[in-house]
Amino acid sequence: MNSKFRLAKTISAFTNPPIICIPLFLIICLTLTWGNLWEFPALELISIVFASILPMAIILYWAKRTGNDNDISNRKDRKVPLIIGTVSYFIGFMISKFLGLNDFLTFLLLCYCINTFIVMLITTQWKISVHTTGLSGPVCALIILLGPVGALFGMIYPVLIWSRVTLKKHTMAQAITGGVFGFIMTAVEMFLFIFIFNLDVGNIYPFFHVCGFILAIVFTPVVLGIFTYINNNNSLIFFLVEIIGLCFFLAVTPIDVVIIYVATSLASILISHYAGQKFRWFNIIF
């Protein structure tokens, strides 16, 4: 096992949805309770139990029962743990709602429930990446709460795409689509819930500002994904598209969005350089 494969495996392990949500939900809970820290234990307990411990226990049990690895690589074996995960998130939502806990966390759990159910439906036909979906959901929540600070976590996205493709757990399309799905669905659902139920969520970033951050994060990976599938290895065209993208962001988005676009683009280029010629993005960029 070479060093790149070991690194990809380590990244994949630490970004398993029930694992990556632990630090990300910790930041979310701290942000939500910053001026009132006595609420923090309850929020953290709900998120840890229903977004991490129960889903992880389900994954490990089901992997052992079906003879899979901890990723449950066999698409057909993913249905049951995804259904149970959906139920776990919904129970967390109901308990949080019943206890009158913070609206943002409560409805974020509902987003998790809805998105996991949709992923389960997609998985019956196509193996969309649960890893990139599991990353993009809480990162989107952090963007809504913290703007550019939360968006910095989006730089993990292209690295995770490389990891999942390198390990042959997903195709490029499956890895990229999982992240795009998670970002878009979480943003749309959270703002719909805030509007429909008039939620008390404090100071958050506006919807279109959040959309700018999301587009800045996914732009370069999506471009590289498209170039992969049309088999275009012309680096000049790639960098021309990147420059056009930069001009677009400079023209219509705040400077913090532009910075995130540049940062995520650099992360995509650097991970491609590290990956080498075996990773398809390398041949497109270099």
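In which helix is the place of Ser-163?

Reply: Ser-163 has its place in helix 8; helices (H or I, at least four residues) and strands (E, at least two) are DSSP runs numbered from the N terminus. The model is predicted, so local features need pLDDT of at least 70 and side-chain atom pairs count only at pLDDT 80 or more, while totals for chains, interfaces and linings use all residues. Residues are numbered from 1 along each chain as its sequence is written, and side-chain values use heavy atoms, with hydrogens and water left out.

Ser-163 counts as buried because its relative accessibility is 0%; buried means under 20% relative accessible area, exposed over 50%, and partly exposed in between (1.4 Å probe, protein chains only). Leaving aside neighbours within four places in sequence, Ser-163 is in contact with Ala-8, Ile-11 and Ser-12, where contact means heavy atoms within 4.5 Å. Arg-164 also lies in helix 8, which covers residues 156–166. Arg-164 is buried, with a relative accessible area of 0%. Not counting residues up to four places away in sequence, Arg-164 touches Ser-12, Asp-71, Arg-78, His-131, Lys-169 and His-170.

Elsewhere, helix 6 (residues 130–146) packs against helix 9 (residues 172–196) at an angle of about 35 degrees, and their axes are 7 Å apart. Axes are lines fitted to C-alpha atoms, for helices over the stretch in contact, and angles run from 0 to 180 degrees between N-to-C directions. The contact divides into 10 nonpolar, 9 polar and no charged residues; Ala, Val, Leu, Ile, Met, Phe, Trp, Tyr, Cys and Pro count as nonpolar, Asp, Glu, Lys and Arg as charged, and the others, Gly among them, as polar.

As for the cysteines, the count comes to 0 disulfides, a disulfide being a pair of cysteine sulfur atoms within 2.5 Å. Cys-111 is in no disulfide, and the nearest cysteine sulfur, that of Cys-140, is 8.3 Å away. Cys-111 is buried at 1% relative accessible area, whereas Cys-247 is partly exposed at 45%.
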